[in-house]
Amino acid sequence: MPGKQKRLSPIMVGWREWVALPELGIGSLKAKLDTGATTSALHAVRIRRVSADGHERVTFDVHPYQHDTHTTVPCTATVVDERRFKSSNGQREHRVVIRGSLAIGGRCFPIEISLTNRDTMGLRMLIGRSAMRGRLVVDPRLSYQAGEPRAAVTGISDARSARHR
């Protein structure tokens with residue numbers, strides 16, 4: 001049928017996977033796939049809201065690797081919302097929400113991402129149900145099933161990111 005796009009079958013992933021956030025310049029990042037969370041969350045520090053040309057933006061830094069606060073990716077994105085979230089420890093907090101592209105398993109698609117400090121969490125990103133719906137199926141017995149991200153990204157050199165695998 002002309003004009004009708006074929007829907008891709010969901011891909012099988014593990015409970016943790018390598019992902020990329022191409023629009024933010026993040027070429028590889030370990031993420032936890034969490035069916036208990038609705039919205040995805042990204043580890044971000046120095047979060048600052050700014051207005052430019054009538055649009056609300058946010059600047060922030062991402063330390064993409066656990067236990068490494070020296071590798072920093074500076075990011076800028078448009079604010080799409082601010083919401084109240086309940087964290088894993090039961091605390092409620094207001095978070096800025098942005099839109100970005102998630103690359104995983106050879107696919108890339110738009111998702112909403114809340115920004116929060118995840119320093120005490122095991123992985124730098126959490127992928128929630130709204131990002132997974134119709135695209136990913138999680139097998140909790142598996143890890144790193146989808147392989148390395150294949151998104152063309154600038155930000156961190158391949159040599160530096162290879163040290164953190």
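User: Hi! What should I know before I start?

Analyst: Welcome! This is a predicted model, in which local features need pLDDT of at least 70, side-chain atom pairs count only at pLDDT 80 or more, and totals for chains, interfaces and linings use all residues. Residues are numbered from 1 along each chain as its sequence is written, and side-chain values use heavy atoms, with hydrogens and water left out.

User: Let's pick a strand. Which way do the residues of β4 point?

Analyst: Ser-40 and Leu-42 point one way from β4, while Ala-41 and His-43 point the other way, and all are buried.

User: Which strands does β4 pair with?

Analyst: β4 is joined to β9 (residues 107-116) by 4 bridges, and these two run parallel. With β10 (residues 125-127), β4 pairs in the antiparallel sense over 2 bridges. Two strands pair if DSSP finds at least two bridges between them.

User: Who sits opposite whom? 

Analyst: Ser-40 stands opposite Ile-113 in β9, and Leu-42 stands opposite Met-125 in β10.

User: What does His-43 touch?

Analyst: Leaving out residues up to four places away in sequence, His-43 touches Asp-61, Val-62, His-63, Thr-116, Asn-117, Arg-118, Asp-119 and Arg-124. Contact here means heavy atoms within 4.5 Å. His-43 counts as buried because its relative accessibility is 0%.

User: Is His-67 buried or exposed?

Analyst: His-67 counts as exposed, at 82% relative accessibility. His-67 lies in the loop between β6 (55-62) and β7 (73-86). Its phi is positive, about 65 degrees, although His-67 is not a glycine.

User: Where else is there a positive phi?

Analyst: Arg-46 has a phi near 50 degrees, again in a residue other than glycine. Arg-46 is in strand β5 (residues 45-52) and is partly exposed, with a relative accessible area of 47%.

User: What does β5 pair with?

Analyst: β5 is joined to β6 by 6 bridges, and the two run antiparallel.

User: Switching topic: which residues have the most contacts inside the largest nonpolar core?

Analyst: They are Leu-42, Phe-60 and Met-125, in a core of 32 residues. A nonpolar core is a set of buried Ala, Val, Leu, Ile, Met, Phe, Trp, Tyr and Cys residues joined through side-chain atoms within 4.5 Å. In soluble globular proteins, nonpolar side chains tend to be buried together.

User: What is Phe-60 in contact with?

Analyst: Leaving aside neighbours within four places in sequence, the contacts of Phe-60 include Leu-24, Leu-42, Val-73, Cys-75, Ile-98 and Leu-115.

User: You mention Cys-75. How many disulfides are there?

Analyst: The count is 0. A disulfide is a pair of cysteine sulfur atoms within 2.5 Å. Cys-75 counts as buried at 4% relative accessibility, and Cys-108 is partly exposed, with a relative accessible area of 48%.

User: Last one: how many aromatic pairs does a search of the whole structure find?

Analyst: The search finds 1 aromatic pair. The rings of Trp-18 and Tyr-144 have centres 6.3 Å apart and planes at 35 degrees, so the pair is tilted. Rings of Phe, Tyr and Trp (its six-membered ring) pair if their centres lie within 6.5 Å; planes under 30 degrees apart count as stacked, over 60 as edge-to-face and the rest as tilted.

User: Where do those two residues lie?

Analyst: Trp-18 lies in strand β2 (residues 16-21) and Tyr-144 in the loop between β11 (136-138) and α2 (158-162), so the pair ties together parts that are 126 residues apart in sequence. Trp-18 counts as buried at 7% relative accessibility, whereas Tyr-144 counts as partly exposed at 27%.

Technical notes: Buried < 20%, exposed > 50% of the residue type's maximum accessible area, 1.4 Å probe, protein only.
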